[in-house]
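Subject: Structure for you to look over

Dear colleague,

I am handing over the structure below, and I would be grateful if you could read the notes that follow with it open beside you.

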Amino acid sequence: MGRFVALIDCNNFYASCERVFDPSLKQKPVVVLSNNDGCVIARSTEAKMVGIKMGEPFFKCKDIIKKESVKVFSSNYTLYADMSNRVMNIIKENFQNVEIYSIDEAFVSIETRSTENLYKELIALRNKILKWTGIPVSIGVSTTKTLAKLAGRKAKKKLGVYCLCEPNDFPDALREVPVGSVWGVGRRLEKKLFLKGLSNAYQLSLFDKKKARTFGSVNLVRTILELNGVSCLDIDSVIEKKRQITTSRAFGSPIYSLDLLQEAVSVYISRAAEKLRLQDSSCSTITVALSTNRFSQKEPYKFLFRTQSLISSTDSTSKLISVGKKILESIFKEGLSYKKAHIFLSGLESSISKQYSLEDDISSIDKETNLMSVLDKLNLFYGRDTLKYASAGISHDWLMKRERKSKSYTTNWNEILTIQL
């Protein structure tokens, strides 16, 4: 019985999500932009071929986009998150030990007697995901997570599934991979490895582990062992709760008034509180911050913030908004053009075992808990902001710019896809 690790990676995920609901985009260049339509954060294969680079500012590639008839979308994170959940649920139905690594990647631990049967099983899974969700995936298989990452690179260039399971095949496969492309090797470490004469993954796999420990860290030693087929990184199927929850967004245009900032902060706190309750946590500390445009030549950059500790931890949106607005009033300065607001919730603890203070009214807290439960359920079923606090406002003219955003086909009844026959 052999143990293997598979990395299931959605191809060009954001661009693929847009294509699912518009078949005319297939085999055509597609790009997705970051917040406020700033930079390219996702590209279809066709967009890569015409020369559009990842992270390139939108204004710099407008000529290529116009010349090559590239379809451009603003980021639609609600759609992408829902499509990700659908893909991950299919994976979980087929395998027990699954680690959701990112919005478009998952590691799977597999035990099998035959790599041939494993290959057929993964081909079937790939076809199932494509048929049920419309999202194409690549699957790399090997004996460790690091090697599975490298096999995934091969899978994207081949038929969608690539097995790097035989130790005799490791050297040739590793020689093709630049050392900077090895999972866990960052830019700084890459430069140091170059100075040591290590330019590819195979050379790194032969690097002396004692020297690696003094040269880099224990993580570098683990990477070397993983490249040699020795598993050092287990599949973590339990999602670890966040120790701090942050909501931070740039505004579509600068804000000068306190009223609009109160709307924005109320919305951001509402989002953060939703995340807080989703992981069954309460927070005892809240930080509100405002920042101006760091690239402005008209005024110096300002980052204003204040942290407030609560008497007892809470997950109540109303209580957090109340405290957050008071903090905002204390840090707000007239005459500045604010570009961004930041909310940080920290001092997190389990809502089930949280400590109460002598000033707490338990019956009032229970009512607030029930209210938050109803609020979350209604917004989950009918769509975000079906119910919201009045302080969050209505118009939201300050929202980040998303002029090319597609519809929320899977999460909003008013935007559900319609087909004419």
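Two packed helices are described by the angle between their axes and the distance between the axes, and the axes here are lines fitted to C-alpha atoms, for helices over the stretch in contact. Please keep in mind throughout that this is a predicted model.

With that in hand, helix α1, which covers residues 13–20, packs against helix α4, which covers residues 77–94, at an angle of about 90°, and their axes are 10 Å apart. Because angles of 65 to 115 degrees count as roughly perpendicular, α1 and α4 are described as roughly perpendicular to each other. As for the residues that make this contact, Phe13, Tyr14, Cys17, Glu18 and Val20 are those on the α1 side, and they meet Tyr77, Leu79, Tyr80, Met83 and Ser84 in α4.

Turning to the cysteines, the structure holds zero disulfides, where a disulfide would require a pair of cysteine sulfur atoms within 2.5 Å. For Cys61, the closest cysteine sulfur is that of Cys39, at 8.9 Å, which is too far for a bond; Cys61 is buried, its relative accessible area being 0%. For Cys165, the closest cysteine sulfur lies in Cys163, at 4.5 Å, and this too is too far for a bond, while Cys165 itself counts as buried at 10% relative accessibility.

Finally, the aromatic rings: the structure holds eleven aromatic pairs. One of them joins Tyr101 and Phe107, whose ring centres are 5.6 Å apart and whose planes stand at 70°, so the pair is edge-to-face. Within this pair, Tyr101 is partly exposed, with a relative accessible area of 36%, whereas Phe107 is buried, with a relative accessible area of 0%. Phe303 and Phe305 form an aromatic pair that is tilted, with 5.9 Å from centre to centre and 45° between the planes. Here Phe303 is partly exposed, at a relative accessible area of 38%, and Phe305 is exposed, at 53%.

Methods: Residues are numbered from 1 along each chain as its sequence is written. This is a predicted model: local features need pLDDT of at least 70, side-chain atom pairs count only at pLDDT 80 or more; totals for chains, interfaces and linings use all residues. Side-chain values use heavy atoms; hydrogens and water are left out. Axes are lines fitted to C-alpha atoms, for helices over the stretch in contact, and angles run from 0 to 180 degrees between N-to-C directions. Helices (H or I, at least four residues) and strands (E, at least two) are DSSP runs, numbered from the N terminus. Angles under 35 degrees count as roughly parallel, over 145 as roughly antiparallel, 65 to 115 as roughly perpendicular and the rest as oblique. Contact means heavy atoms within 4.5 Å. Buried means under 20% relative accessible area, exposed over 50%, partly exposed in between (1.4 Å probe, protein chains only). Rings of Phe, Tyr and Trp (its six-membered ring) pair if their centres lie within 6.5 Å; planes under 30 degrees apart count as stacked, over 60 as edge-to-face and the rest as tilted.
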